[in-house]
Amino acid sequence: MKILILNGPNMNLLGLREPALYGRDTYEDLVALAEKTCREEGLRCVCVQSNHEGVLIDEIQKAREDCGGIVINPAAYSHTSIAMADALRAVALPAVEVHITDPEQREPFRRVSYTGMACCKTIKGQGIDGYRQAILYLKEQLKK
């Protein structure tokens, strides 16, 4: 089974962007962790990052063709993109939202996640390990 690992704006700057908040792990570290976790669990993954909302929506829609689930960190689009939430609902794949930090502990505008409302689970505040947790959760959900 293949899982889409989808990352939104500025995730390509991990390790450089506010390291006191997001840590020193890079986007390449995140991809390596996702690929390693999937390999160990007998899964495959495709990792995509874009700063453009439409590209992310296109990837969600494309996932319905050959993916069993989605791990998504929409980043700032979590709080603004009803279109991404609609796409997640439309493809009807199990999706887990991941946030490296805990939005509940940050600015008030980050506390509402439209995309999270379209996901079966949200993992937050676990750093990049949240991706590993999301992959394991999806694997269990897909067994059911």
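For the wording, exposed means over 50% relative accessible area, buried means under 20%, and partly exposed is in between, using a 1.4 Å probe and protein chains only.

Before I go on, a word on what we're looking at. This is a predicted model, where local features need pLDDT of at least 70 and side-chain atom pairs count only at pLDDT 80 or more, while totals for chains, interfaces and linings use all residues. Residues are numbered from 1 along each chain as its sequence is written, and side-chain values use heavy atoms, with hydrogens and water left out.

Back to Glu40. Which side chain does Glu40 meet in a salt bridge? That's Lys36, at 2.8 Å from N to O. A salt bridge here is a side-chain nitrogen of Lys or Arg within 4 Å of a carboxyl oxygen of Asp or Glu. In general, side chains of opposite charge can pair when their charged atoms come close. Glu40 and Lys36 sit 4 residues apart in helix α2, residues 27–40, so about one helical turn separates them. Helices (H or I, at least four residues) and strands (E, at least two) are DSSP runs, numbered from the N terminus. Lys36 is partly exposed, at 41% relative accessible area.

How many salt bridges does a search of the whole structure find? It finds 7. Let me show you another pair, in helix α4, residues 82–91: Arg89 and Asp86 are 3 residues apart there, about one turn of the helix. Their closest N and O atoms are 3.9 Å apart. Arg89 is partly exposed at 45%, and Asp86 is partly exposed at 43%.

Then there's helix α5, residues 129–143, with Arg132 and Asp129 placed 3 residues apart, about one turn. Those two form a salt bridge with closest N and O atoms 2.7 Å apart. Arg132 comes out as partly exposed at 31%, and Asp129 as partly exposed at 27%.

Now, cysteines. A disulfide is a covalent bond between the sulfur atoms of two cysteines. The rule used here is a pair of cysteine sulfur atoms within 2.5 Å, and by this rule the count is 0. Take Cys67: the closest cysteine sulfur to its own is in Cys45, 9.6 Å away, so too far for a bond. Cys67 is buried, at 10% relative accessibility. For Cys119, the closest cysteine sulfur is in Cys120, and at 6.9 Å that's also too far. Cys119 is buried as well, at 14%.

On to Ser50, in the loop between β2 (44–49) and α3 (53–66). Is Ser50 buried or exposed? Buried, with a relative accessible area of 7%. Leaving aside neighbours within four places in sequence, Ser50 is in contact (heavy atoms within 4.5 Å) with Asn7, Gly8, Pro9, Val55 and Leu56. And compared with where we began, Ser50 and Glu40 are 10 residues apart in sequence and 26 Å apart in space, C-alpha to C-alpha.

That's it from me, so over to you for questions.
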